[in-house]
Amino acid sequence: MSSHPIARHAFLTICLALAGLLIVAALVFRDQVYRTFQDPGVPFQTYSPPAGADYAEAAGWYVRDAFTDADEPAVFFVHPTTYSGGANWNGQLDKPSSVEAVTSVMLPNYAAPFAKAGALYAPRYRQASLYAFMNNREDSLRARLFAYADIQRAFDAFNAQIEDTRPIILAGYGQGGLDVLGLLLDRFAEDEALRTRLVAAYVIESPVPLDLFSGPLQTIPPCATPEDVRCVYGFTSAMASEEGRIHIITERAMSWTPQGDGLDFVDGRGLLCVNPLLSAVSNDYASARQHRGGVAAEGLDPDAVPAPIPAQTGAQCADGVLFFEQPRSRALQRPRRLVEDYRLPPFNLFYEDLRFDAARRSFNLATILQDERQWAPPFDAPEAIEDAPVIAIPDQRRY
């Protein structure tokens, strides 16, 4: 009888130890468990995607603003991933949680800095799920390319709806950045008229391989200085302590191939890094005094003017990654969520820096376009003229 309390105590100790091990295992492997539940479980080849949008109609857009003057830029913004996965490889256009994330988080925080410089166009599209970016399976790549096909159609409709002389700002974050980079390759690189109207393309939190600029993007260089226009502005960011995120950015991430005809790993290709505190391609350290301000704008209208929180972080480009310091304001610190390394936070740390940059480059292009309109039109191509034969006219006079 006296041994029973000891046995019960040992049993409880073992149970508590097992429970503790389960809790630790759940914490350590929680991202892997999450991924398992987000797998659609059907090959993309036999998958029936949700219905797409009609971009000729207002319902095909989250925002389709009116213009206030002839020289106001048109801003084509592609939102980042807001659909986790599970039932589909590509998100439904009307899934409530995804739509709410776009309208209440992504547009106020990430589209609004550019909307201050022009009229915002933000298409709805069948985005690839977050799960499709957590692995590089063939099915996942097909889902990403399927989403990009929607963005191609949206941009063509957008370009048809605006004047053919209006300046254009392209902007995209995460998955949206990959799609904007694709538009540069497929729509702008070979079209001089479109390139002439490009203020800049902002490809943010999606790696931009440097080999593209010696290949299909030779005509659209990086935004090397704060004054440049018709250029690519891009960075992917992390803190030095975020080893998992750095590994994803530099080794696991994929972007367009050096030929621009598909997707491939970015590892070993070098990455574009424009420091938003310097508005330039530079490896120099920029201190927090140069930080114009971050914004936590969740729930605000994109037209709202939130108060930025300045001097929160220094930043420096190194090995193609923008390293920043932990912001002092808790409103600008990443939350602890599942698979956070693959997500955008519910705030924009460089909101005011990007707003100022887009405004400056828009002004610069407007000035350039005004000057170019005063130039004499180019001569037409010369035409070859053949000598006409000389035919004698008989003398009809009578003597």
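Which residues does Thr-82 touch, not counting residues up to four places away in sequence? The residues are Ser-98, Ala-101, Val-102, Met-106 and Gln-127. This report describes a predicted model, beginning with the chain and ending with two individual residues.

## The chain as a whole

The chain has 399 residues, of which 49% are buried. Its secondary structure consists of eight helices and 13 strands.

Among contacts with a separation of 6 or more, 76% are between residues 24 or more positions apart.

## The six-stranded sheet

Six strands form an open sheet with mixed pairing, and their order is E1-E3-E2-E4-E5-E6. Strand E1 (61-64) and strand E6 each have a single partner strand, so they stand at the edges and one side of each lacks a neighbour in the sheet. On average, neighbouring strands of this sheet are turned by 15° against each other, direction ignored.

Two of the pairings can be described in detail. Strand E2 (residues 74-78) pairs with strand E3 (residues 119-123) in the parallel sense, over three bridges; here Ala-74 stands opposite Ala-119 in E3. Strand E5 (residues 198-204) and E6 also run parallel and are joined by four bridges. Ala-201 has Val-232 in E6 as its bridge partner.

Strand E6 spans residues 232-235, and both of its faces are covered. Val-232 and Gly-234 are buried on one side, while Tyr-233 and Phe-235 are buried on the other.

Helix H5 packs on the sheet and touches E2, strand E4 (168-173), E5 and E6. The direction of H5 makes about 140° with that of E4. Helix H8 (residues 351-373) lies across E4, E5 and E6, and runs at about 155° to E5.

## Packing of helices H4 and H5

Two packed helices are described by the angle between their axes and the distance between the axes. For helix H4 (residues 138-161) and helix H5 (residues 175-188), the angle is about 60° and the axes are 10 Å apart. H4 is therefore oblique to H5. The crossing of H4 and H5 is right-handed.

Residues from both helices form the place where they meet. H4 contributes Ala-147, Tyr-148, Ile-151, Gln-152, Phe-155 and Asp-156. From H5 come Gln-175, Asp-179, Gly-182, Leu-183, Asp-186, Arg-187 and Phe-188.

Ala-154 belongs to helix H4. Why does Ala-154 count as buried? Its relative accessibility is 0%, and the cut-off for a buried residue is under 20%. Leaving aside neighbours within four places in sequence, Ala-154 is in contact with Tyr-55, Trp-61, Phe-76 and Pro-123. Ala-154 and Gly-60 are 94 residues apart in sequence, yet their C-alpha atoms are 8.4 Å apart in space.

Thr-82, with which this report opened, lies in the loop between E2 and helix H3 (96-115). Thr-82 is also buried, because its relative accessible area is 14%. Its contacts, not counting residues up to four places away in sequence, include Ser-98 and Gln-127.

Terms used:
Residues are numbered from 1 along each chain as its sequence is written. This is a predicted model: local features need pLDDT of at least 70, side-chain atom pairs count only at pLDDT 80 or more; totals for chains, interfaces and linings use all residues. Side-chain values use heavy atoms; hydrogens and water are left out. Buried means under 20% relative accessible area, exposed over 50%, partly exposed in between (1.4 Å probe, protein chains only). Helices (H or I, at least four residues) and strands (E, at least two) are DSSP runs, numbered from the N terminus. Two strands pair if DSSP finds at least two bridges between them. Contact means heavy atoms within 4.5 Å. Axes are lines fitted to C-alpha atoms, for helices over the stretch in contact, and angles run from 0 to 180 degrees between N-to-C directions. Angles under 35 degrees count as roughly parallel, over 145 as roughly antiparallel, 65 to 115 as roughly perpendicular and the rest as oblique. A crossing is left-handed if the near helix is turned anticlockwise from the far one by less than a right angle, and right-handed if clockwise.
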